[in-house]
Amino acid sequence: MSSIGTGYDLSVTTFSPDGRVFQIEYAGKAVDNSGTVIGIKCKDGIVMGVEKLIASKMMLPGSNRRIHSVHRHSGMAVAGLAADGRQIVARSKSEATNYERISLFFSVLSVQKIQL
């Protein structure tokens with residue numbers, strides 16, 4: 001079969017006749033072409049490092065961030081397309097905030113039960 005998408009690369013849920021999902025392959029190629037991301041666990045914490053590839057001299061300094069803070073005690077480093085990474089970071093921040101809000105709510109409920 002053909003090795004190009006020919007219409008089968010428009011969605012992540014569309015398989016080509018030979019069983020390939022081109023969007024997944026494109027994402028893998030984007031990660032392969034991006035810089036290296038590494039995380040090292042130490043006894044005092046974690047060290048994250050990224051290789052930032054400069055795509056254009058017109059890019060503003062700091063606009064191509066690859067290491068992001070998700071919450072007070074969590075962060076992530078992103079390889080691949082920066083836009084995809086920003087979406088994952090935004091979702092992670094939302095999930096962390098939601099978890100904190102829910103855990104605070106249940107801790108207040110348990111304190112109220114003890115006081116009754």
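## His-68 and its strand

In which strand does His-68 lie? In this predicted model, His-68 belongs to strand β3, which covers residues 67-71. With a relative accessible area of 11%, His-68 is buried, because the value falls under the 20% cut-off.

Let's look at what surrounds His-68. Leaving aside residues up to four places away in sequence, His-68 touches Gly-75, Met-76, Val-78 and Val-89.

Next comes Asn-64, which you will find in the loop between β2 (46-50) and β3. Is Asn-64 buried or exposed? Its relative accessibility is 10%, so Asn-64 counts as buried.

As for its neighbours, Asn-64 is in contact with Lys-52, Leu-53, Met-59 and Ala-82, again not counting residues up to four places away in sequence.

Our last stop is Thr-13, located in the segment before α1 (22-33). Here the relative accessibility is 63%, and Thr-13 counts as exposed because that value is over 50%.

How far apart in space are Thr-13 and Ile-24, C-alpha to C-alpha? The distance is 9.8 Å, for two residues that are 11 residues apart in sequence.

## Side by side

Key: Residues numbered from 1 in each chain as written. Predicted model: local features only at pLDDT ≥ 70, side-chain atom pairs only at ≥ 80, totals over all residues. Heavy atoms only, no water. Helix = DSSP H or I, 4+ residues; strand = E, 2+ residues; numbered from the N terminus. Buried < 20%, exposed > 50% of the residue type's maximum accessible area, 1.4 Å probe, protein only. Contact = heavy atoms within 4.5 Å.
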